[in-house]
Amino acid sequence: MSAEKSIATLRFDGGILCLDFVNTVSNRMKPASHDYLSGFRELLEWYDRTGVITAKVSHTLERLAKGYPQKATVVFDKSIGLRELLLRLFTAAIHRKAPDPSDLHLFNTYVAEAYANIEVAWKPAQRRGELLFNAPALEQLIWWLVKSALELYTGNGLQQVRQCPSCGWLFLDKSRNGSRKWCSMSSCGDINKVQQFNQRNKKKAK
């Protein structure tokens with residue numbers, strides 16, 4: 001793994017948990033792209049950066065993974081399957097196409113499992129309820145992603161999902177006029193500017 005491509009340096013440009021997870025592949029436009037997630041340990045490290053789970057839960061899941069390595073592998077593989085499934089579902093929505101029926105059926109199996117383990121907790125400070133996955137299970141790392149994806153896929157935010165034309169990352173366009181094009185102006189946006197500048201110079205040189 002190159003030093004510049006690690007979980008610690010991975011950008012979170014998606015704007016929501018499920019899209020950031022889809023973006024754990026460095027470039028969706030290139031077949032030989034770097035995958036930031038090579039195992040359960042990296043998946044848990046990625047979660048630690050999101051702040052979705054507490055340090056206490058993270059340590060519990062780390063111990064469970066060490067105690068049940070085969071199950072951790074199954075959970076990881078299932079997470080990667082969900083990642084690619086979400087890419088297909090959201091890109092279809094971006095292009096205003098209906099999802100493949102088999103993809104929708106598969107997503108429903110993820111939803112059914114996740115929501116069989118959800119519970120409502122009360123948040124006194126906010127004076128409202130909150131949906132949580134409190135079961136000390138390795139699958140919790142899948143359930144949070146499913147919850148995020150389900151809320152986005154069935155809400156108005158789905159209309160804001162875009163795909164970067166440079167790297168293929170998905171992101172929520174929350175700009176005032178809905179004109180955001182790049183996952184990040186400091187990365188793909190700047191690369192595009194440089195490419196356009198070079199192309200203009202080549203034309204002038206002819």
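I looked up helix H6 and found 12 of its 14 residues buried (under 20% relative accessible area, with exposed over 50% and partly exposed in between; 1.4 Å probe, protein chains only). Helices are DSSP runs of H or I with at least four residues, strands are E runs of at least two, and both are numbered from the N terminus. I note that the model is predicted, that local features need pLDDT of at least 70 and side-chain atom pairs pLDDT 80 or more, and that totals for chains, interfaces and linings use all residues. Residues are numbered from 1 along each chain, and side-chain values use heavy atoms, without hydrogens or water.

Among the buried residues of H6 I listed Trp143, Trp144 and Lys147.

I next examined the largest nonpolar core, which holds 55 residues; such a core is a set of buried Ala, Val, Leu, Ile, Met, Phe, Trp, Tyr and Cys residues joined through side-chain atoms within 4.5 Å. Phe40, Trp46, Leu86 and Phe90 touch the most other members. Helix H4 gives the most to this core, with 10 residues.

I then turned to salt bridges, each a side-chain nitrogen of Lys or Arg within 4 Å of a carboxyl oxygen of Asp or Glu. The count comes to 12. I recorded Asp103 with Arg88 at 3.0 Å, N to O; this pair joins helix H5 to helix H4, 15 residues apart. Asp103 is buried at 10% relative accessible area, whereas Arg88 is partly exposed at 38%. I also noted a network of salt bridges linking Arg28, Asp35, Arg83 and Glu84.
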